[in-house]
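Please look through the sequence and the model below before reading on.

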Amino acid sequence: MMRELPARLPAVPRSLLGSFTAGHLAFLAHATQLRAELQLQREARDKAAADSRLAQDALALALHSRLQGDATVAAASLREASSLLAAQLRASAPGTELREHTLGHAAQSLVCALTLDAFFATGTLGTRPTLPPASTAAAEGEADETADFSDEEWLMGMISACHEIGRYATRQATRGDVASVVMSRGVVLALNEELMAFDFRNSPLRRAYDGTKYVVRALEDTLYELSLFPPPADAAAEGAAALDETEAGPRA
């Protein structure tokens, strides 16, 4: 037979704050501060991710417009992307988690677009790009170490630009523009030869570098095919002159 329990109610919960020491209260204050800091970091990551996505959309439009011959739209899209990314990249130094996992790909895409612009402006891959200055002081020459792209972002961006140059050269080949194909082959070959001096081991850069060899091969095949079907006399003369200029060594 079940024994009857005494009629008793549970104790009402009481606040423990009265029994906390000063150390406990300090811990709670620190936890509150930490929660606020984590919230700010989360908001910063969300803002960086949003700006990165918008910038990559603008850069995709810039590349497409550039290769379609619409320099005006390309320049406007490139300015928009640079504006979105400049502050984010400047606030996140290379090697940080935010830079590597959230902003890195957008930074490489920006280098790619800037390099492609340099190719059309100079016939080379240009100098190492930098972000625009954030202030008058920076514009006057004060150091801003986070304003530059990392080595990996720069190299990956140039390699991506070489793929875009390869696509451009393929289109020009259909128009019989041998000179542009020769120039494209020259800059891609020059980068490929420089990259051969690096020891990338098994890394994303190594896999990206391997791709430049295929671009070089494709451009050489294109030039061979063009030689089998010579373009009109004027274009052929221009292409031959360009080929003579590159025999001394391709430009980097």
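Helices (H or I, at least four residues) and strands (E, at least two) are DSSP runs, numbered from the N terminus. This is a predicted model, in which local features need pLDDT of at least 70 and side-chain atom pairs count only at pLDDT 80 or more, while totals for chains, interfaces and linings use all residues. Residues are numbered from 1 along each chain as its sequence is written, and side-chain values use heavy atoms, with hydrogens and water left out.

Leu-191 lies in helix 6, and this residue is buried, with a relative accessible area of 7%, where buried means under 20% relative accessible area, computed with a 1.4 Å probe on protein chains only. Leaving aside neighbours within four places in sequence, Leu-191 is in contact (heavy atoms within 4.5 Å) with Leu-125, Met-158, Ile-159 and Cys-162. Leu-191 and Cys-162 are 29 residues apart in sequence, yet their C-alpha atoms are 8.5 Å apart in space.

Helix 7 has buried residues that include Leu-205, Tyr-209 and Leu-226, and what covers the buried residues of helix 7 includes helix 5 (151-174) and helix 6 (178-195).

Confidence is given by pLDDT, the predictor's confidence in each residue, from 0 to 100. The mean pLDDT of the protein is 81, and 78% of its residues reach 70 or more.

Where pLDDT is low, the predicted coordinates should not be read in detail.

Note on methods. Buried < 20%, exposed > 50% of the residue type's maximum accessible area, 1.4 Å probe, protein only.
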